[in-house]
Amino acid sequence: MMNIGGRLTVVCLASGVLSGCGGSESPAPATPAEDPAAVGDTVPEAAAPWFRESAAERGLDFQIDAGMATTPRLPEIVPGGGAALDFDDDGWLDLYLLQATGDGGNRLFRNLGDGRFEDATDGSGLADVGFAMGAATGDYDGDGDLDLFVSNFGADRLFRNDGAGRFVDVTEVAGVGHPGFGASATFFDADDDGDPDLYVTNYVDWSEATELECRNRTGRLDYCPPARYDAPTRDVFYRNDGDGTFTDVSEESGIADAVGTGLGVVAVDFDGDGLRDVFVANDGMPDHLWINQGGLRFEEEAMQRGCDRDLSGVAKAGMGVSSEDVDDDGDPDLIVCNLGGESDSFYLNDGGRFLDATNRSGLGSASRHFTRFGLGFVDFDNDGVLDLYAANGRVGASDDTDAGDPYAEPDLLLRGVGGRYVPVRPAGGTDPTPARTSRGAIFGDFDNDGGQDVVVLDLGSPVRLLRNVLESRGGWLTVDVRDDRGGPAIGAVVRARMGDRVVTRRVRTDSSYLTAQDPRVHFGLGDRESVSTLEVVWPDGFTRNLSDVAGGRIIRIDRIDPGSVGEPSGEGSSGAEVR
């Protein structure tokens, strides 16, 4: 009998592994490496670790388990979600971690300051015990507090933050308890009416009655790829009605016109028309790009715009996604991670159409040896260039019959250098480099020291808090942009001028895999001590400009009537709260 992390009983796959769980993993070595830094075009010199695993010493005690039976069940191999959110608005990122079938249900961890946590679940209203998949954060009721949506294998849940440290389950009243196989979700204002709507991906129309028996090439039971079930399903899109309720407009909006096997999602204005679009990573099927037409209507245009499959015409096993302006041209680029034996798909946005830059960026050879789930473009070394982290873990067992966890793989850290990505040593940025069955990755600055940290959720193993300890980090500036109600200004664009460069970042909490991210915008400054100009553009076009903004700090910028406060200048703290 095989175990994921020694806890989740499994035994999986037929000729095509969980396709992205997708297509077969057999083209890639079972575990090429215990050393991901050995792949790619160059092997960098060994250096000091970028991260230190600090979960236990910082008070995080959590492990996700997902066993459902003594033989494989599809839902077991895909969970691993959570959220970073400052639920009590004290300036420190808290954590909400999602459980599947393990003891204790979902857990809320309050950040006590300096990145140390305590379990605050009891009395919080968040001790939900469903088979949880993904999380999304947003201020759906406009009271300035971040609320929580949890997608489940089963009925989804919406929890309203009452502003006093408690959450109330408002699922029934709000009308968002869809009973499918939910995955990643995102809050975003699709119709520019000032309140966030909600998009929820759904994976497969699966039940115990539809489970199949699949075997891998060694003859052992293993997880079936989703294509074997022939049961793609539809995502769900809800309109926020502004009164605490939502209406399912999947049909009217056009979202229900296509089926898929959705796992990852990101909502960004890809074509620059001021309306936020939606990209969905489908597992073993062409990905979807829903272009916002206005009036809550969407059209699926991934094929026309060049991001539904790779250059060879293959629909890969899409899982996690990340979107940032990687090439500093002002528009959001896109990466989708895939199955072992398949490379990531890295697309540069050229005016709303996408160019596959996977191979020329170095990501083709570096990524294909692993099955990637949570990932993010993040500037970990604060040199002003985005790096890439991927949380890895197989979906089909390796051929090593002696492996304690036949699904475990080391994570991958790539440094951005001159338009290319180079594997970092020590591998994954940690020493030692553990192999785990990793799923969700949450990115944020949990100790407010200017270094971006990572929380990794591993099936059957304790959660990891990878605290950024890189001594050679450059300067930094973190910008906490708020809307007129005091919540994070989701969809706002922040531009920082650094010499001849203009670096663009967007306020958002989606991306990666099944997780919600730090809504604050982070800039690595390299050897600079300040930003010459900082422009913040809210979703409705309202703009504020700050000049000579000193780095090495977190500043909060609220939307203020320009007639009430003079234009910020100097240190950048006029009209901006320094935290």
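How many bridges pair S8 and strand S9 (residues 147-152), and in which sense do they run? The pairing is antiparallel and spans 6 bridges; two strands count as paired if DSSP finds at least two bridges between them.

This is a predicted model, in which local features need pLDDT of at least 70 and side-chain atom pairs count only at pLDDT 80 or more, while totals for chains, interfaces and linings use all residues. Residues are numbered from 1 along each chain as its sequence is written, and side-chain values use heavy atoms, with hydrogens and water left out.

**The chain**

There are 5 helices and 43 strands in the chain. Both are DSSP runs numbered from the N terminus: helices are H or I with at least four residues, and strands are E with at least two. The chain has 579 residues, and 61% of them count as buried, that is, under 20% relative accessible area with a 1.4 Å probe and protein chains only. Among contacts with a separation of 6 or more, 61% join residues 24 or more positions apart; a contact means heavy atoms within 4.5 Å.

Strands S8, S9, S10 and S11 form an open sheet in the order S8-S9-S10-S11, with antiparallel pairing. Strand S8 (132-138) and strand S11 (167-169) each have a single partner strand, so one side of each is left without a neighbour in the sheet. From one strand to the next, the twist averages 25°, taken between N-to-C directions of lines fitted to C-alpha atoms, on a scale from 0 to 180 degrees. Ala 132 has Asn 152 in S9 as its bridge partner.

**Pocket and cavity**

On a 1 Å grid over the protein atoms alone, a cavity is a set of points where a 1.4 Å probe fits but cannot get out; a pocket is an open set with protein on both sides within 12 Å along at least five of seven lines; lining residues have an atom within 4 Å of a point. A volume is the space filled by probe spheres set on the points. The structure holds 5 cavities of 30 Å³ or more.

| Largest pocket | about 490 Å³ | Asp 189, Gly 194, Asp 483, Ile 490, Pro 539 |

S8 and strand S12 (182-188) each supply at least two residues of the pocket lining. In the largest cavity, the largest share of the lining, 4 residues, comes from S26.

Technical notes. Buried < 20%, exposed > 50% of the residue type's maximum accessible area, 1.4 Å probe, protein only.
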